[in-house]
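Here is a short report for a first look.

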Amino acid sequence: MKLASTLRTSMIALVVAGCAMAAPSASAQTSTTTTTTTTAAKKPPDSGGILSSASQKPPSTTATRDMINEAIQRSKMRSDRLRVEGKLERFGSEDPFAFNPAQ
Amino acid sequence: MYISSKASRIRQREAQRARDNRAEIVKARSAGQITRRDLYKWGIFTLAGTLALKNGLSPFAKSAFAEVPTGTPRSPLFDAVRFTQPMPRLALQTPIPLTQTGVGLNAVANFPAALGERAAKRLSYHTDFTDAGGNGNPDNPFLNPVTGRGPIEGRPPGEVFAHQRWNEFFPKVGYVMSIGQIAPGTRFDPHFPALNANAVWTYGKGRFQQGQLPPMLIKGRYGEPILTRIYQNLPVLRGQNGGFGLNETQLHFHNAHNGAESDGAANVHHFPGTFYDYRWSTTLARRDKINTQATDRRASGPDGNGGLVNVAGDFRELQGTMWAHDHRFFFTAEDVYKGNLMMINYYSGPDRGNEVLNDGVNLRLPSGRLLDSGNTDFDVNLIISDGALDPAGQYFFDIFTTDGFLGDFPLVNFAYAPFMEVLPRKYRFRILNACMSRFFQLGLADEAGNTVPFQFIANDGNLVVNPIPNTALDGGTLDHQGTAERYDIVVDFSAFRPGAKVRLVNRVTMRDDGRGPASSLTLRQAASLLNGLGSDPVVGPVLEFRVVNQVMSNDVPGVILRAGDGDPSVVPPVLTEQIPVVAPVRTRLVEWGRSGNGDSRDPKTGQCTPDCPETAQFPWTVKVNGAAAHSMNANRIQLLVPKPGEIEHWTYVNGGGGWDHPIHLHFEEGVTLFRGLDGRDPIPATEKLVRKDVWRLRSTGDRSVTFQIQFGEYGGSYVNHCHNTVHEDFALLMRIQLLTGVAGSPQAAVTPTPNPTPDGVVFTTPEILPEGDPRMPA
């Protein structure tokens, strides 16, 4: 679990670093300096491989890569359920769901 | 959404009976003969808020005659034949020069005295109405002259809805228009019956003229702020609407860089008898951060004499092809479909609308040369939409659908499948998808079905860095174009001889359940369907270009333009520069989905903010940063931007369930970064690193898109929503609050919610959801 979290944090840092390297700094786009914060690195996610529900988490004012990944996996789950079981979507109702951060 | 023309007569009757019954319900509701409670009691509406799947009511009820859903009966076409009427050009409006009197915050903009118009002011006339005693003063000179109650202007009172940066962007030209019933004798095709007065509501020139089709076109110029006065001449009684549409309107200038008071989506609809002054500032984004001294000639607008007026701001954010439409929350689909829309082209130094001026700034894109700027002889706006008719040939809309509305015949500039004569040279086409729910995938084909080349030059009004040839696109055609998306292309007809025909062809089919695009025919297949696909007549050719030797000028009527005149226009290999992608200050996640249990209604009163149809339920909801899902409430802020200039990365995720959503962000355009987690989904060339204000959320792959965004110059209350306007109305829309106004202005803080009533606007304090407010401690 700890290893997975470390790996994930490293991946996020790499993605952010890659983005920063591939692109000029914020000041290249604007005439003022923009402070860069990477909240993903500051606050590692903790949801690896467990049942999770967004509604159980405290509100976050920034999104992490894991949050986005979880939302994508939930979206696919809802679509698959509709296709296979013919059930209506449950967006917002947060059915139990196994998030796989490695996926 | 509608049944096949080959369906049995019994089946056709069944579908028509269902439509009649739904119309009866609407009529009875309008007359107060039945209540929403009655509808639930009778089982006509389900607890989920959808129309019960009953034969005789729902278009989706299983038919006794077939296994597929019953749809709306096919529109009668009265023997109209495609490509037999000429395509009308949009109705160009002439700007009215304004003069300034007074100074500072009290400066006013005067219309010519002959028009008898009140001067335009920073503060609304609602402020005067309130100061003069409101309804309590029977002699109040600022009373609504039609109803005798409430203010004469719909713009809310006080500083919060005063025009921001009034003196910096003081209006130089004005327009006076009125939204009203369609003029007698108007029809979509010469074979169709004339439209009833309340079948279409659209704009007329001046204060009193009835609505006219085709819709209007306004030509704006950077450096020349506009004051647009909209009179509301719709019927006072809500029920006098021809079956759909609401007589309360707010005109949203789709993604112009304007203050919230002029964005037309701050919950500021107004009522019959009133007017609303929108100040369309022509502000170039980033004017407070980049090129603040206006020294960059590329950041400029035409001066009317072949020269330029420099403006502050970032030339990479110049806008071109835009439009405006109604945005009355909960009724937008009905109102826009009904005709409440127009187009606006912004002209700039680089995108001048003149193909011969060679000053090192002008790109000389196809347009014309008779005017110094804004030529339209070879620069053509195309509003493409789908319509439906009832058996009497009147415009039809199904107000009960919450999923989407598809018409079954194509309209171009509100004419049924017309033709347009073109010279053998280059043309620019500004294509707007103005459907309520339909996606297009457009391409060009010759009479043999061969692909005709084009170059893609702008997306949602933003020039791409390098023109993109159609050969770089899937199937040699444009990518899917959702509602409100604008694609600009250049087509060179010089390879064709007079007499040749080229057709604009839609090759994507929509799913029967309205969830989104189904599959794409090849361009050749679609081009061969001269009367449209049997199951969906809007698939196939929608517009025919006829190559001719001469045409009449659109810019200077009476002047003949000839094939031998030559073509001095160019499509340069570089149109603008790329805005860099940078590490963001913060990232946001916004999910758009169908939960079936929106919370637009107050749990105690059952009322929406603003008021919504009594029968409406809200299956669509929005989540921010993984928190709880909510549906539209104008008094609830779901996402807040704390200060100007901060660069953010936003990811939109489709909630799933097989739906496609075209998601629109007001006020600012984002640089599209990638699709899918870390960019693992393919992204069309027309989107990659391209600025946009509408992004299609697909129902395949990772169903997500990420873009870079920053806000500045103005602030206040804006919205972010699905532009499938049916989804938007039920209520896939959230309020965003931008604290990005000038420091010290009301728009640097959270602004109160205006609640319009016929007696005037009252303000309430909005709820702010913590997940969208970065000012909250982590």
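Seen from B:C722, the closest cysteine sulfur is that of B:C435. B:C435 is buried, at 1% relative accessibility. B:C722 is buried too, at 0%. Buried means under 20% relative accessible area, exposed over 50%, and partly exposed in between (1.4 Å probe, protein chains only).

## About the model

This is a predicted model: local features need pLDDT of at least 70, side-chain atom pairs count only at pLDDT 80 or more, and totals for chains, interfaces and linings use all residues. Residues are numbered from 1 along each chain as its sequence is written, chains are lettered from A and ligands numbered from 1 in the order in which they are written, and side-chain values use heavy atoms, leaving out hydrogens and water.

## The disulfide

Over all chains, the structure holds one disulfide (a pair of cysteine sulfur atoms within 2.5 Å). B:C608 and B:C612 form it, with 2.1 Å from S to S. The torsion about their S-S bond is about 55 degrees, so the disulfide is right-handed. B:C608 is buried at 7% relative accessibility. B:C612 is buried at 10%.

## An open sheet in chain B

Six strands of chain B form an open, mixed sheet, in the order 37-34-39-40-32-43. Strand 37 (694-697) and strand 43 (767-768) stand at the edges; each has a single partner strand, so one side of each lacks a neighbour in the sheet. Strands are DSSP runs (E, at least two residues), numbered from the N terminus. Two strands pair if DSSP finds at least two bridges between them.

Strand 34 (residues 661-665) of chain B runs antiparallel to strand 37 of chain B, joined by four bridges. B:P662 has B:R696 in strand 37 as its bridge partner.
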